Structure formats: structure tokens, C-alpha cells
Amino acid sequence: MVPSTGYNKIRTAVLISGRGSNLKSLIKFSRSSQSPISIDFVISNKSKADGLNYAKKFKIKKKILNFKNKNLSEKKLLSILKINNINMICLAGFMKILSKNFIKKFKGKILNIHPSLLPKYKGLNTHKRVLNNKEKYSGCTVHFVNSRLDSGKIILQKKVKISKKETVASLSKKILVQEHKLYPKAILKVFNL
Ligand code: GRF
């Protein structure tokens, strides 16, 4: 992607389903002078997602698309993205799988964050599976989204050490701190910054 200059930051939408802590860290980053992106739209498939409060707080446009009918919701999403000149999508805890067709239209412009060292532990309940397997390390990954779940090209990863007394809660907390740093770094890398 071509890096932005001056005030022309790449207009970006963030897709969420829940808490939105990565959304918050992305908004903060996007408002720094070093950020090549601006966050101009927040989409949630859940009307009660806590993350929507950040859209309100930071005065960012938002829309709920429930994805019960994926085809219809993706059509609406495409139209929102077009009308708002959105050129990049960051998935941040978005629990729906985008269709191949949609991804093709935004090829190389959709990023996701996953709380494991991909390609290990794709999918849900990563921390539980990591601990059950007595792994010594876990971490988080930012990757491009392709049509296969958590399988697109890796942009950046951060490794964390698992302690002897680690629980799902403590590991998830530890990794989340790193996620908030990794996503902005990965965006800078995508733009060769
Ligand atoms: C994060 O752990 C992210 O890696 C995963 O879902 C979680 C979302 O958390 N995809 P939040 O909504 O950003 O707080």
C-alpha cells in the first residue's frame, strides 16, 4: 500500500464484536502524527458491544450489521465503505467470517489480530488450548486476511513466556497488553514506516 502523506491518512474501518480494547488502542494510534491511517468507521455485528462506546467517545461514525444474513450485511458493509471512502479494514475481535467474495474486493487491505503465535492455534479458545498443551510460549499475531481462517500472510508477531502458574485469565491479560502494541506496529510495517 502507498504510505499516506500530510493529512491524507488512509481511511480505515474497524470491525468489532465485543470489548473493543484493540479498537481503543488503534484509535489512539490513528490520532498520533506517525499514523498512516485514520479510523473513520466502526462496524459491530453486536448492538451491545462495549467497543461501540469508543466510537461514541471519539466521535467516529458507527453502524451495527448483525451478519445474520451474511450476504446482505456484506452488501451493506461494502456500500458503507464505498460511501465513506474507506480503503482499509482492521478486524479487532470481530467474530464473523467474511466471505471469499468480500475479501477478494479488499484483497491485501484487511488485517486481523489473533491471540496466538500463528500458524499455531487458529480459531477460538486459543489460551485454553495453549495451556492444555503445556506450551512454554504463546503470543499474538497480526496478519492479512485471506479466505481461510487465521491463515493469511503474517505481518508481525510478539512472543510471550508462559509462567508456571499461568491461567487463561492471566495469559489473556498478558497477551492483550502486547496486542495493543503489536497492531499499530504492524500497521506501520504494512506502510513501510
Ligand atoms: C483479542 O484477543 C483479539 O486478539 C481477538 O479477540 C480479542 C478481542 O479483544 N481476535 P478486544 O475486543 O479488542 O478487547
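Predicted model: local features only at pLDDT ≥ 70, side-chain atom pairs only at ≥ 80, totals over all residues.
Helices (H or I, at least four residues) and strands (E, at least two) are DSSP runs, numbered from the N terminus. Residues are numbered from 1 along each chain as its sequence is written, and side-chain values use heavy atoms, with hydrogens and water left out.

**The largest pocket**

- A pocket is found on a 1 Å grid over the protein atoms alone: it is an open set of points where a 1.4 Å probe fits, with protein on both sides within 12 Å along at least five of seven lines, and its lining residues have an atom within 4 Å of a point.
- The largest pocket holds about 940 Å³ of space, a volume being the space filled by probe spheres set on the points, which are joined across faces, edges and corners.
- It is lined by 39 residues, and Gly93, Phe94, Met95, Ile113 and Pro115 are the closest to its centre.
- Two or more lining residues come from each of α1, β5, α5 (126–132) and α6 (168–190), and α6 gives the most, with 4 residues.

**The ligand**

- The ligand takes up the space of the largest pocket; to count as sitting there, more than half of a molecule's atoms must lie within 2 Å of the grid points.
- Around the ligand are Arg19, Gly20, Ser21, Asn22, Gly93, Ile113, His114, Pro115 and Glu179, where a residue is near if one of its heavy atoms lies within 4 Å.
- Both α1 (21–30) and β5 (110–114) supply at least two residues of this shell.

- A polar contact here is a pair of N or O atoms within 3.5 Å.
- An oxygen atom of the ligand lies 2.8 Å from a backbone N or O atom of Gly20.
- A polar backbone atom of Asn22 is 2.9 Å from an oxygen atom of the ligand.
- For Ile113, a polar backbone atom is 3.1 Å from a nitrogen atom of the ligand.

**Backbone details in two loops**

- Most residues other than glycine have a negative phi, and most peptide bonds are trans.
- Phe67, in the loop between β3 (61–64) and α3 (70–83), has a positive phi near 60°.
- Pro119 lies in the loop between β5 and α5, and the peptide bond from Leu118 to Pro119 is cis, with omega near 10°.

Key:
Polar contact = N/O pair within 3.5 Å; in protein donor to acceptor, adjacent residues only side chain to side chain.
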